[in-house]
Each structure stands twice: as C-alpha cells, then as structure tokens.
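Have the sequence and the 3D view ready.

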Amino acid sequence: MKLTPGANAPVPTSKMAVTLTWSADSAVDPQALLVTETGKIRDDKDFVFYNAPHHPSGAVVLTETAAARAELTVELTEVEPEICRIVITGSVEDGSFRDVRGLAVSVREPDGRNAALTFDIEQSEAVTAIVLGEFYRRNGAWKFRCVVQGWSSGLRGLAEEFGVQVDDEPEPPSAPAPAPPPSAPAAPTHHAGASGTASPRGNAVSAPPNRPPGWYIDPDRAGWYRWWQDGWSEERRQIFPPGQGVCERCGRPVQQSRFRGTRPCRWCDNDVQQIMQGWRAQAWQLLTTTGPHGPEWDALRISLIFHQVHPDTGREALTPLAVGYLERVVTFAFADSQIEEHELDEFESAVATLSAAANLHTAQHHIEELRRRMRRGRSLTQVRAGDLPRVQSSRIHLEADEIIYLEADAMHVKYLASGPKHTPGRIIASNKKLRFVGPGAGSELPWAKIVSITSEYGNVIVSATTARGGGTYQVHDPEWVAAVLEGALRVAKRLVLAPGQRDSRSIPPHVRAEVYQRDGGKCCQCGAIHYLEFDHVIPLSRGGATSVNNLQILCRQCNLEKGARL
Ligand SMILES: [Zn+2]
Ligand SMILES: [Zn+2]
C-alpha cells in the first residue's frame, strides 16, 4: 500500500522494520523519537539515533546504517504505556534532502518480502531534516501515518521541537550559510555544459522524467532557465548568478549583504507582496472549499515556485491561514455535538499536510489545544453513546446489580416565583436511577421518568415526567456530567443512535459555513480566534432556532460569560 503525506494505515503486526533506501551518493541517518501525550520526549533516552541506537525499553533499535540503506526495528508490544507516538525522522550531514535521489521509506515485517506500507520522499526544499512518518496509538491499536515534513532548522531544530536537550555550541560569527536562491531548484543532471548543451533536445527532455515542477537550466539556451512541469514549457527566464551585484530574480542592480547573500531587490519585494496578497485569498478560498489537497492545492503551491517566491515566504503566508483553517475544522466538527473517529483522523491528516507547507510549529500550543479538544470531544461522544465509566460510591446503599457511573458535586437550582433556590449536594447516576443527595434533602428518579439531558452554558438540565429530581444542576464539568447522564439514559432506555442519525442540536453544513463566513472566523464579542464555538443567540432551551440568523460564533470564554448572565 502506497501512502501519500497525511495518509495513515493500520500496522499489520507488532514487530515492524522501517527501511530507508536511496541512491548511493548521499548519507541519510534515520532517528526515532518516542513522545508522550505532550508531544515531547520524557528525556534524551527517548531519542534513538546513530550514537544511541537502542531504546532502553527495547521498543526501537537502529539496526542498520549502510551506504544506501538504513533500518529501524520497532517492537510495538514493548512500547511503554505513556508513549503515544513514535516519530521517525531522517537527516543528512552534507547538502540537503533536495540532493538525495530516490529516497523511499517502507514499513514491513522484519523478514517479510513485501512491504506493508511504502512512500517516496521528493523534497524540493533545501532542508537537512525531515519528519518521515509516525506510529501512533488509536483506540489501543497502532497506526502508521506518512508525514514528510521538512525541517528548515535541521536535525537540531527538529530534535529540540520534540524536547531533546541539545548542547549549545558557540555559533560561528558569520552566521549560517545563505539560503539557496529560490529561483534555482537543483538540477544536477543539467549542469551547464554537461548533457544539456551537448546532447540533442530530445534526450534532454527524456532524461529527467519525474522531476518536480520548477525552473531548470534550459538545455537549449545557455544562461537561461526554463519552466518544467511534466515537460518543458515555453516559459524562460534569464539566469542572474549570485554575487554579481544584481537581483537574482529580476537582474536589477542591488546592494550586497555580507551575511545573507544577495537579497531580492525592492522592486521584487513589492512584486512578491502583490503576488502573496492574491495568493492568500486563493489559499483561504481553497481551504474553506476543497481543503488542503487536490490538484488546485498543488497548483497553488507550484505557482509560488513559478513566481520565484522564496519557500519561507510561502510558509509564512500560509501559517496563519493553516491555523485558522484547523480552528474552523474543529469548530465545525463540534457543530453536531459529536466527534467521530474519522473526524479525529481527518484533523490529524490536515495537521500533517499543513505542517509540510506552513510553520505550524510556531503555533504548537494552539494546535495542541485543538488536538485536546478533539480527543475530549471524541471521548464525550463515546460516553454519550453508552460507553460508560464506572466509579465507586460509599455514600449510598446500592440495590442489587446496581453500577455507579458518576458521582459529582452539584448545585440543584429550582426556579420559583420568588427567585432561584439553590440546594448544594451530590448527583449520583447509576444504571438504575439518578439520585440527588443533599443535606436533609434528596431525590431519586428512575431513568424511565427522564425525558432528556442537555448541557447549556455550564448547566446540566434534566427534563423529567415528574417535577421531583428534574431541573437544572450546576456542576464543575457540565459537558462530562451531561455526557455520562445522556449515555446512562440511552443505555437504560435501550436507545440506539442509528448510523448517520444526527443530534437535534446538529447544525447543517451550509449553515455552519455561512455563519462562520459572516462572522469572519472570529468571536463576535471579543474578536478572539481561539476556541471558537457556534452559539445559539436565543438558546435552544428558550425556543431558539438552528438558523443562520440565530447562530453566531463565540469564543469559549464569551460563551461561558453569556451563560452566567442568563
Ligand atoms: Zn528583483
Ligand atoms: Zn470572545
């Protein structure tokens, strides 16, 4: 099975070999990082590499490094429980991945002839480290995801991102080597004077059939680049070599910078700014319609190479859009109050795909917060579907075969003509009934008498066929309490949610899109772009409709504050 970046597949057996192969004239080193839920390693022992080839648990061993081949062996049954991902990376000592030809990764049984999963690495950027892929736990089983994310800060930057402590060496005073000019993707088969000028044109065309779109040295015209995209086009531009006092992009005279090589001229800066303005609008349009994949998305990426925009400029431009898009994905996923397994996978795929094209590591905290929301949403959905927790309670007498699902501090609120009456106590839910136990007061309600459970603005609302026991409860974690009560109610009444059947709170997709667009992907009240939720202007419990006019985007904070005012 061939994987593309962002795609994942189940791992067939627990013992797997990850093999890297490439053509012989480069040296590639693989590494593995065993990371916890936090996205970091516990300590440097969790970094398996050339100088530390054995993980202490035995779960990962670097078994081979040869001229054109390297292998890591992974024993998934040995992985300690707190490790939730094994990130597989690769680095090169000399040159960059752009120069490594024919790099391919396969994941297979160590003695198996046939690879279970494979993917190729074609890196058009001059990065020296790449996250190749990762094993990750999902519902107790292991899956493998293809990532292919280049790391412009190299293995050191990559390792630090995952929490590896790198000893500081003093930087040489003349700073890092200048970035390669954006305009000249390496084309080693076409060095001037080599095959290109000497051989007939037909040969030059057929020689590099699989290279990525880009500007390459024109085999027919010395001193010019020519655009290649599945074949030579008629687009050409003159080569302005570095160090000649002219802009490498347009050939206008520029000042030399001692440290950063020749910078684009001011004219090009303006030109690029103009291009990026239109590009951002197009990128956002695509993200909110088809998402970050497909031919149009590829074309958008390639257009930057065509306009000779530096890859860093493209990554920078995409970063806020990518984060905004992921926030939107999560807000939309929650618009039907349930998070399905495939939504979790789609979120992770989007993160992996966008990581390859944007600097998502600069928004690490935001992404982690989104991931936590998705995972919690998923577990609430499972609880609501009847996958209930069990707790011990010593406070009450249980009936025979009674099982407790939840016990929590709660404030019962009764709305009387004289105003709300608050009674403190504890709410206890079992497979038989819902109890409220307060000092000198209490109630018991069998599930048969309960009609519905909802949570709204920090309260849990129990609707019952009798007044006693029903009503509003203020609890510390209303989403969790409501999920358990809903799950218990569903199990007790043997209600099954048919596949595809949606919650009554569900907001139809076109309504989500229209409201999100109208509110500009921001909280209507404070303008925040974090933790956004759909809110019913007139609450559902007060008869508000699920319509464009009665919906708005609020951040979590403003949503909770609104609840407190109601
Ligand atoms: Zn210029
Ligand atoms: Zn807000």
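## The second largest cavity

Strand S11 (residues 141-151) gives the most to the lining of the second largest cavity, namely 3 residues. Lining residues are those with an atom within 4 Å of a cavity point, and a cavity is a set of points on a 1 Å grid over the protein atoms alone where a 1.4 Å probe fits but cannot get out. Strands (E, at least two residues) and helices (H or I, at least four) are DSSP runs, numbered from the N terminus.

So who's in the lining of this one? Gln149, Gly150, Trp151, Ser152, Arg315, Asn359 and His361. By type, that lining splits into 5 polar, 1 nonpolar and 1 charged. Here Ala, Val, Leu, Ile, Met, Phe, Trp, Tyr, Cys and Pro count as nonpolar, Asp, Glu, Lys and Arg as charged, and the others, Gly among them, as polar. The volume is about 30 Å³, taken as the space filled by probe spheres set on the points, with grid points joined across faces, edges and corners.

## The largest cavity

The largest cavity comes to about 40 Å³. Around it sit Thr36, Glu37, Gly39, Cys84, Arg85, Glu368, Arg371 and Arg375. Helix H8 (364-384) and strand S7 (83-92) each supply at least two lining residues, and H8 has the largest share, with 3. This lining has 5 charged residues, 2 polar and 1 nonpolar.

## Reading the model

This is a predicted model: local features need pLDDT of at least 70, side-chain atom pairs count only at pLDDT 80 or more, and totals for chains, interfaces and linings use all residues. Residues are numbered from 1 along each chain as its sequence is written, chains are lettered from A and ligands numbered from 1 in the order in which they are written, and side-chain values use heavy atoms, leaving out hydrogens and water.

Definitions and conventions. On a 1 Å grid over the protein atoms alone, a cavity is a set of points where a 1.4 Å probe fits but cannot get out, and a pocket is an open set with protein on both sides within 12 Å along at least five of seven lines; lining residues have an atom within 4 Å of a point.
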